[in-house]
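Dear colleague,

I am handing over the structure below, together with some notes on what turned up when I went through it. Please read them alongside the coordinates.

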Amino acid sequence: MSKKGILIVISGFSGSGKGTIVREMMEKYDNYALSISMTTRVPRQGERDGVEYFFVTKETFERTIREDGLIEYADYCGNYYGTPRAYVEEQLNAGKDVILEIEIQGALKVKKRFPECLLLFVTPPSAAELKRRLTGRGTESPEVIEQRLSRAYEESEGVEAYDYIVINDVLESSVEEVHSLVEAARRAPVRREAFIQQIRKELKEFAKGAE
Ligand code: 5GP
């Protein structure tokens, strides 16, 4: 049987640049598959259904929850966001490292359900920089920016639950950093189970001989 991929959860404050990091990783390396979430939020200008998100009604979202079609879901600033189950399972089984770009409540649910997943948190170097980026992208109204900044404060309380923090200052370095953390995770004993069992068996044989 081929090896299962790693489930990678990337969270970060809105405006941290995590989306850009993920896009770059998808372009640069071919071991990753990106999960497309389902949301009830209205599309931003230029966003397409089935590309950035599956944009659905509240009814459809709630039906999908009832049918157990989501690995996790959360309410973020008044909208539902969730991870469709089928794609993630299919890609992991095919050996791809699957990226979920999701917020913190969802990340913690994924960790409970898949304890061996990798949790990464992306942050800008400072709060001032976060505000500058959120204002600069020009896609949100001042009220939404305020809401996202206070949400960022709440989220900062949960950062310790993550495995690693990536301070996103220079994009290229952050992409490399995330990729090397995934490569390091591949070497964790939970993912080397077969190897460990094998060498243990071999050592046992040697130990017997030495008796
Ligand atoms: P945005 O509206 O800016 O696209 O996303 C808002 C927040 O929802 C971001 O922090 C994003 O990572 C998160 N998010 C996107 N998809 C999901 C999902 O499937 N589940 C959860 N829990 N959060 C998500």
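In this predicted model, the lining of the largest pocket draws at least two residues from each of strand S1 (7–12), helix H1 (18–28), strand S5, strand S6 and helix H6 (142–156). Among these contributors, H1 gives the most, with five residues. The largest pocket holds about 1,100 Å³ of space, and of the 37 residues that line it, those closest to its centre are Gly19, Arg23, Arg44, Tyr53 and Glu101. Sorted by class, the lining of this pocket comprises nine nonpolar, 15 polar and 13 charged residues.

What takes up the space of the largest pocket? The ligand does, and the elements that give two or more residues to the shell around the ligand are strand S5 (70–76) and strand S6 (79–84). In total, 16 residues surround the ligand, and the closest of them are Ser37, Arg41, Tyr53, Tyr81 and Glu103. That shell divides into five nonpolar, four polar and seven charged residues.

Arg148, for its part, has a polar side-chain atom 2.7 Å from an oxygen atom of the ligand. Taken on its own, the ligand has 510 Å² of accessible area, and the protein covers 95% of that area.

With best regards

Note on methods: Residues numbered from 1 in each chain as written. Predicted model: local features only at pLDDT ≥ 70, side-chain atom pairs only at ≥ 80, totals over all residues. Heavy atoms only, no water. Near = heavy atom within 4 Å. Polar contact = N/O pair within 3.5 Å; in protein donor to acceptor, adjacent residues only side chain to side chain. Areas by Shrake-Rupley, 256 points an atom, 1.4 Å probe, with all protein chains shown as cover. 1 Å grid on protein atoms, 1.4 Å probe; cavity = no way out; pocket = protein on both sides within 12 Å on 5 of 7 lines; lining within 4 Å. Sits in = over half its atoms within 2 Å of the grid points. Helix = DSSP H or I, 4+ residues; strand = E, 2+ residues; numbered from the N terminus. Nonpolar A, V, L, I, M, F, W, Y, C, P; charged D, E, K, R; others polar. Points joined across faces, edges and corners; volume = space filled by probe spheres on them.
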